[in-house]
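Thanks for making time this morning. I have one structure to go through, and I will keep to what can be computed from it.

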Amino acid sequence: MSARWAALPVLLVAVFVTTLDFYVANLAVPSIRADLGAGDATVQLVIAGYGLAYAAGLVVSGRLGDLYGHRRMFAAGLALFTLASAGCGLATGTSTLVAARVGQGVAAALLAPQVLALLGLLYRGNARARAFGWYGTAVGLAGLSGQVIGGLVVAADPMGLGWRACFLVNVPICLAALALTGRLLPRATPPPLPRDLDLGGAALVTAGLVAVVLPLAEGREQGWPWWTWACLAAAPLLLGAFWWRQRRLAARGRVPLLDLGVFREKGFAWGLVAVGLLFGTSAGLSFVLALYLQDGLGLAPLAAAAVCTALNAGFFAASLRPGRFGGPVLVAGLALVYHAMGAGPLPLGLALLVTGAGMGWLMSPLLSSVLAAVRPERSAAAAGVLGTVQEAGGVLGGTVTGAVFFAALDGGWDTAARAGLTVLIVASLGVLAHSATRRPAQGADRRRREAARGSFT
């Protein structure tokens, strides 16, 4: 195996554990509540704190990779994630657990742009398509497996650790990846850019993203108080100020926090919409299944995890050989899930198998195509924006689906589940529209990437 391919598992481990930890905590919430005596607000912060820190830090982390080297920032993020995971598993109180979860989110934000940037630099042409294929598989499997793995770990209760094992299992895995980072990941020579970090821009984009994600994550649970609407109203003003500041810095010859030229790359903006819709669909489906299987059908966490395994199996099998028909299969699968509500676990499992296959066929080609035409010097900026859209899409998908689900709950669990599925089918039609119009850009990508061949020392 070449050194470049030996580096891929290290990068994918980071992707898998950071994505998984966003979802796996959902299954641990009842145990956390019982063990630590956590109230509803604290439990919500355990979930939302991770996603909030992750979404808010991605754009800044991409710039840090540009300034100090992607391998160095990757190692720093992996070390921080290891420490934060240990902090979660050893937490003696709710405040410690929430702080450690925020630390995990910061570390995940530091890692995500570096992984995508390193993939773009390490692999080219067909090899790059394969590498991004494995990246998409890791992201998809981690997102869809959160309930399955969380249910299995909590049910197994290894060494009597209970919910703590969901976090402590990260420690040996991340330590092994960290030990291999220096040996397997290449040291990239940073471009000769001025070493200034736009702190004003960092404050604006962080505040703007928090103003979007926080009310969406917390609003429904708290009954949409006034501050949630104030945040949502302030978000476009903050993000607009950030956009204006970046344009002004570029016009003055300074290096902005985010290279806005990335949005002019062919197909990038339209691809971001599709990515947001796909991750929103995945998060919304996970939300519906978690409530419907356990509260609606009365299944134990382990039995609910067994039903969700069909979704993972379909995804994994399809992701091994991505095809052109992911969009239609995803729409058809969600339609089958819609009609399987009320028919029992077996028909639902078969419908989820089809849905998972659609996602598996879509995920890696979509992520690869979004980044395919982005120039090497903009890879970190593109990675930060892509990660932000993934996170925001997931939060928005879960929030909208949840709002529709609970609004229809008076009609029964089956009715509520079908209402939520209607939202997801509409979102999947947007992904289908993108997949129908996408054109491969591999040749253009190869020509643009040739200039990066000598960037490793």
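First, the ground rules. This is a predicted model, in which local features need pLDDT of at least 70 and side-chain atom pairs count only at pLDDT 80 or more, while totals for chains, interfaces and linings use all residues. Residues are numbered from 1 along each chain as its sequence is written, and side-chain values use heavy atoms, with hydrogens and water left out.

Now the chain. The protein chain has 16 helices and zero strands. Helices here are DSSP runs of H or I with at least four residues, strands are runs of E with at least two, and both are numbered from the N terminus. There are 457 residues in the protein chain, and 55% of them are buried. Buried means under 20% relative accessible area, exposed means over 50%, and partly exposed is in between, with a 1.4 Å probe and protein chains only. Contact means heavy atoms within 4.5 Å. Of the contacts in the protein chain with a separation of 6 or more, 84% are between residues 24 or more positions apart.

Next, helix packing. Please look at α3, residues 70–89, and α4, residues 94–122. Their axes are 8 Å apart and the angle is about 155°. That makes α3 roughly antiparallel to α4. Axes are lines fitted to C-alpha atoms, for helices over the stretch in contact, and angles run from 0 to 180 degrees between N-to-C directions. Under 35 degrees counts as roughly parallel, over 145 as roughly antiparallel, 65 to 115 as roughly perpendicular, and the rest as oblique. The α3 and α4 crossing is left-handed. The term left-handed is used if the near helix is turned anticlockwise from the far one by less than a right angle, and right-handed if clockwise. In the contact of α3 with α4 there are 19 nonpolar, seven polar and one charged residues. For these classes, Ala, Val, Leu, Ile, Met, Phe, Trp, Tyr, Cys and Pro count as nonpolar, Asp, Glu, Lys and Arg as charged, and the others, Gly among them, as polar.

Helix α3 also packs on α7, residues 170–184, with axes that come within 9 Å and cross at roughly 160°. These two helices are therefore roughly antiparallel to each other, and the crossing is left-handed. Which residues of α3 meet α7? On the α3 side they include R71, F74, L78 and F81, and on the α7 side V171, C174, L175 and L178 are among them. By class, the contact of α3 with α7 divides into 11 nonpolar, five polar and one charged.

Helix α9 covers residues 226–251 and holds Q246. Is Q246 buried or exposed? It is buried, at a relative accessible area of 1%. Leaving out residues up to four places away in sequence, Q246 touches D198, G201, P256, L257, L258 and L260.

On to the cores. A nonpolar core is a set of buried Ala, Val, Leu, Ile, Met, Phe, Trp, Tyr and Cys residues joined through side-chain atoms within 4.5 Å. The largest has 101 residues, and F74, L119, Y135, F268, L348 and L352 touch the most other members. Helix α10, residues 268–296, gives the most to this core, with 14 residues. Beyond its neighbours within four places in sequence, L119 contacts L8, L11, A131, F132 and Y135. A second, separate core has 19 residues, including A28, V29, C166 and F167.

T388, in helix α14 (residues 379–407), counts as buried at 10% relative accessibility. Its contacts, not counting residues up to four places away in sequence, are A55, L58, V59 and L209. S319 lies in helix α11, residues 301–319, and is buried at 6%. S319 is in contact with T137 and G360, leaving aside neighbours within four places in sequence.
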